[in-house]
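The following exercises are to be worked with the sequence and the structure at hand. Each task is followed by a solution in steps.

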Amino acid sequence: MPVITLPDGSQRRFDQPVTVDEVAASIGSGLRKAALAGRVNGKLVDTSFRIEHDAEVAIVTDKDPDGLEVIRHSTAHLLAQAVKSLFPDAQVTIGPTIEDGFYYDFSYKRPFTTEDLAAIEAKMVELAKADQKVTRRVMPRDEAVEFFRNMGEHYKAEIIASIPPNEEISLYGQGDWVDLCRGPHVPSTGKLKVFKLMKVAGAYWRGDSRNEMLQRIYGTAWADKKQLEEYLHRIEEAEKRDHRRIGRELDLFHQQEEAPGAVFWHPYGWTVFQTLIAYMRERNREAGFQEVNAPELMDASLWQQSGHLEKFGENMFLTKTPDERLYAIKPMNCPGHVQIFKQGIRSYRDLPIRFGEFGKVHRYEPSGSLHGLMRVRAFTQDDAHIFITEEQIKDESVHNIRLLLSIYEDFGFRNVRVKFADRPPKRVGSDEVWTLAESALKAATEAAGIEYTLNPGEGAFYGPKLEFVLKDAIGRDWQCGTLQVDLNMPGRLGAHYIDETSQKRTPVMLHRAIFGSLERFFAILLEHHAGRLPAWLAPVQAVVMTITDRQNDYVTRVAESLKKQGLRVEADLRNEKVGFKIREHTLRRVPYLLVAGDKEVAANLLSVRTRSGKDLGTMSPDTFVERLRVELDSRGRRTLED
RNA sequence: GCCGGCUUAGCACAGCUGGUAGUGCGCCUGAUUUGUAAUCAGGGGGUCGGGGGUUCGAAUCCCUCAGCCGGCACCA
């Protein structure tokens, strides 16, 4: 005699066990139609699920995030059903939901084409229209293995065979198609109305590059057409922010095939890059760092000693000199910094010693992983290595965590998540040392007053690390900064200091990066701001333009004066209509557009307009400089518009 | 590295089943002296990613290499 408690607290009494579907029907026929699944005591179930005892029940519709999840999952099934119907000898594997959609991996004798994709999607529409009932049944594991093996679905059989032997397996069927699945699923295919196949791609079976490559079809599915359109629009907007595109449009940098994974910086791009470095140099200096510079090319033996050659040799650029000596181009800065630390005798009184370098490193990244500035083979790190005693781990970590967060704030990233990555399965050093490092880093994180999530087993092989993840303007996550406690490398490379009892001791080393890769951080900034860099970073901060050539002298003079005062300013004297100039510089994302016509010349003024089209009226060049300086000094927290 | 797609003027792209390359913007020249997102007219510009092959003839078909794009794998 189950008593059903609904989300609003109301209760319904039934004389016998009921299904979710029946509960929905008892509330209303509209709800019954809208029901995609149920939530019984918090657990997501099919609408056909039979409730035997008193329970809290919610009807899940497409308004519910879980409902959308169910739609996507069921659409993945629909995709598999369509593929099997068009290509009967294709084998199915897995088809999970992902952010905004789903995918399904197939094994097939040839790759699917975009034409296939269109045909599959048409088939899916047809199958959905047929509104086939989705049924669930359970089977003992071994029977299920046999069942799929007989169907010729060897991948599926392998998946089931890896499930513990005594578990029951649930199978879902729709029409003549059956798949293994945990569920739940929509009650019938007619509930699947808004979906679209996006792309085909290769993907390794079980995610292992030693395995065969499957055909993965990606799709998206939504509760209604409007959501789908919004999603497609979102993708378009993201494309407009693509740093490769903006980099070309704004003449910031380029890449070319003779230097894959490397960057040719153009004057405007390099201006921004240098601004980033100047900024970080200043912040580092304030935080007690000393800048150093280590060789780009060092004998391979050093990399042998550090362990890099063994672990990452495949990804290092090596070069043999005419005298038959093997050198490596540095893929990391830490061994170099340790060499600097090792010169002379260090006392515990000297610690912490903080070395920072804008070190250009080269890594032979796999060709398929290269991606604009986000993943390159030659890049610049704002790398720092801090040598401390064990007792200093906590304080020094707090010091650096504060620095990191404060720097991200200057760039407008206020949403920063921290992940704590602890000991990985493959590691060096004793467990006691790891415990020490982890608890010190954890204590530091807590002392810094920040929350973190655990990223278990993802620490570096030499120590635990904090990972700093920024959220950008359109909600994407970017992992940038890192703070790692290293109790291994200094010893390996023979670094020592003398402690208060005159004993030789091995220092602890913190690895710290804030931008990470400057190239990548630059790209993130471009995408975050859609190319509209804040004035303090913009390659050109203002353009002074004439209306006719009568203002040429004045504009030239003003532009020169602004430049002399340290601003990045250009003059536009071209014989063009002012509307044309405004449009052009707006498209170049120049923060401030300064127009001088006869009236301004007569009164020693500038007409000031922002790139977003806002008219700030007229002001003297001096006032403009003064107000812009406030904006630059506050790094955009206060602008000319305020 | 693996799977698939793509590569035509500075940029964005067109070029059907093979018949000697086109549009828009930019660029250059001239006219215009212009008040806040495109003034008008004229002109130049491509060994169609590299190499090889098929063919009377290749941007177009085939092979191969490279780069890029989308994924996968990798990421000290």
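**Exercise 1.** Which polar side-chain atom lies 2.6 Å from a sugar or linking oxygen of RNA strand B?

*Solution.* The model is a predicted one.
Step 1. The atom belongs to the side chain of Arg609, and its partner is a sugar or linking oxygen of RNA strand B.
Step 2. Phosphate oxygens of RNA strand B are approached as well: a polar side-chain atom of Ser367 lies 2.5 Å from one phosphate oxygen, and for His371 the distance to a phosphate oxygen is 3.2 Å.
Step 3. Of the atoms of RNA strand B that come within 4 Å of the protein, sugar and phosphate account for 49%.

**Exercise 2.** Describe the protein surface near RNA strand B, and determine which element gives the most to this surface.

*Solution.* 
Step 1. RNA strand B is surrounded by 51 residues, the closest being Tyr204, Met332, Asn575, Glu600 and Ser607.
Step 2. Helix H18 gives the most, with seven residues.

**Exercise 3.** Identify the buried residues of helix H18, and explain why they line one face of the helix.

*Solution.* 
Step 1. Helix H18 spans residues 578-587, and its buried residues are Lys581, Ile582 and His585.
Step 2. Viewed down the axis of H18, the buried residues fall within an arc of 100 degrees, and therefore they line one face of the helix.
Step 3. The general principle is that an α-helix has 3.6 residues a turn, so residues three or four places apart point the same way.
Step 4. The cover over the buried residues of H18 includes strands S31 (542-546), S32 (569-572), S33 (592-596) and S34 (606-610).
Step 5. After H18 comes Arg589, which has a positive phi, near 60 degrees.

**Exercise 4.** Is Gln484 buried or exposed? Describe its surroundings as well.

*Solution.* 
Step 1. Gln484 is located in strand S27, residues 477-486.
Step 2. Its relative accessibility is 9%. Since buried means under 20%, Gln484 counts as buried.
Step 3. The side chain of Gln484 makes a polar contact of 3.1 Å with the side chain of Thr482.
Step 4. When neighbours within four places in sequence are left aside, the residues in contact with Gln484 are Ala460, Tyr462, Pro464, Lys465, Met509, Leu510 and His511.

Terms used: Residues are numbered from 1 along each chain as its sequence is written. Chains are lettered from A and ligands numbered from 1 in the order in which they are written. This is a predicted model: local features need pLDDT of at least 70, side-chain atom pairs count only at pLDDT 80 or more; totals for chains, interfaces and linings use all residues. Side-chain values use heavy atoms; hydrogens and water are left out. Buried means under 20% relative accessible area, exposed over 50%, partly exposed in between (1.4 Å probe, protein chains only). Helices (H or I, at least four residues) and strands (E, at least two) are DSSP runs, numbered from the N terminus. The arc is that of the directions from the helix axis to the C-beta atoms. Contact means heavy atoms within 4.5 Å. A polar contact is a pair of N or O atoms within 3.5 Å; within protein, one must be able to donate a hydrogen and the other to accept it, and residues adjacent in sequence count only if both atoms are side-chain atoms. A residue is near a molecule or strand if one of its heavy atoms lies within 4 Å of it.
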